[in-house]
Each structure stands twice: as C-alpha cells, then as structure tokens.
Amino acid sequence: MALKYTNKINKIRTFALSLVFVGILVMYIGIFFRESYIIMTLAMLLGFLFIIGSTVVYFWIGMLSTKTIQVVCPTCGGATKMLGRVDACMHCSEPLTMDKSLEGKEFDEDYNRKSKK
Ligand SMILES: [Zn+2]
C-alpha cells in the first residue's frame with residue numbers, strides 16, 4: 001500500500017492531545033519572560049486558550065463517538081469504530097467501508113462528503 005490511512009477518531013484524538021502539549025509549551029515559554037509582565041500574561045492566556053481548545057475538541061470527539069458504528073475488522077479481527085461511510089481500522093489502518101457499492105474501490109475521504117448531500 002502506497003498510502004497509509006488513519007482512523008478518524010484516532011486522528012482527532014492525536015490533534016487534541018497535541019493541542020494540550022502546545023498549550024503547556026506556550027505557558028512554559030511565558031515563564032522565560034518573567035521580566036515582561038505583558039508577554040508573560042499573553043503567553044499564559046494563549047496557552048490557556050490552547051488547553052480550552054483541546055477540551056472543546058475532546059468534547060467534540062465525545063459527540064462524534066455517538067455517531068460511530070462499531071465493527072470488527074476483517075483483517076486484524078479487532079473491534080474498531082467507524083465514522084462516515086469510509087474509515088480506516090484503529091489497529092491496522094485497513095480501509096473499511098459501510099457501503100457495499102464502494103467495496104473494492106480506492107479509499108477516498110471524499111465519499112464521506114458526498115454522502116452528506
Ligand atoms: Zn484492523
């Protein structure tokens with residue numbers, strides 16, 4: 001396989017986690033500007049915003065999770081959560097589809113967008 005697909009839920013979770021780290025990093029950098037009260041406050045505020053943002057993303061994952069369908073991956077046999085018509089397995093990144101007409105076709109994220117119309 002030329003391209004490796006990742007499960008959407010996992011992708012969002014990684015994004016939320018990186019937001020927390022960015023937030024902590026920004027706050028940490030703020031400590032180095034102790035002599036400037038304004039920069040330190042701004043850094044703290046910005047870092048706080050990143051962490052708030054990640055909380056929002058985590059909340060969003062929770063909302064999305066209610067829409068996912070649990071399936072058993074035919075390749076690795078593990079249970080995975082699917083979002084949309086096409087998604088990749090959480091464990092082995094095997095492309096999976098809910099739509100029989102898309103079976104055997106090239107994996108394309110666009111199928112999810114089309115289904116919304
Ligand atoms: Zn799998």
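A contact means that heavy atoms lie within 4.5 Å. In this predicted model, 46% of the contacts between residues at least 6 apart in sequence join residues at least 24 apart.

**Overall architecture**

The protein chain contains three helices and four strands. Read from the N terminus, these elements follow the order α-α-β-β-β-β-α. Of the 117 residues in the chain, 28% are buried. The accessible surface amounts to about 8,200 Å², and carbon and sulfur atoms account for 68% of that area.

**The zinc site**

The zinc ion has as its protein donors the SG atoms of Cys73, Cys76, Cys89 and Cys92, at 2.2 to 2.3 Å from the ion. The angles among the four donor atoms span 106 to 112°, and the site is tetrahedral. For comparison, the ideal angle for four tetrahedral donors is 109.5 degrees. Along the sequence, the donor residues follow the spacing C-x2-C-x12-C-x2-C. Cys76 belongs to the loop between β1 (69-72) and β2 (79-82), while Cys89 belongs to the loop between β3 (86-88) and β4 (95-97), so this pair ties together parts that are 13 residues apart in sequence.

| Residue | Relative accessible area | Class |
|---|---|---|
| Cys73 | 2% | buried |
| Cys76 | 38% | partly exposed |
| Cys89 | 1% | buried |

**Disulfides**

A disulfide is a covalent bond between the sulfur atoms of two cysteines. With a cut-off of 2.5 Å between cysteine sulfur atoms, the count is zero disulfides.

Methods. Residues are numbered from 1 along each chain as its sequence is written. This is a predicted model: local features need pLDDT of at least 70, side-chain atom pairs count only at pLDDT 80 or more; totals for chains, interfaces and linings use all residues. Side-chain values use heavy atoms; hydrogens and water are left out. Buried means under 20% relative accessible area, exposed over 50%, partly exposed in between (1.4 Å probe, protein chains only). Helices (H or I, at least four residues) and strands (E, at least two) are DSSP runs, numbered from the N terminus. Accessible areas come from the Shrake-Rupley method with a 1.4 Å probe; for residues, only the protein chains shown count as cover. Donors are N, O and S atoms within 2.8 Å of the metal (3.2 Å for Na, K and Ca); water is not among the atoms, so sites may look incomplete. Four donors count as tetrahedral if all angles lie between 85 and 135 degrees; four count as square planar and six as octahedral if opposite donors are over 155 degrees apart and all others between 65 and 115; anything else is irregular.
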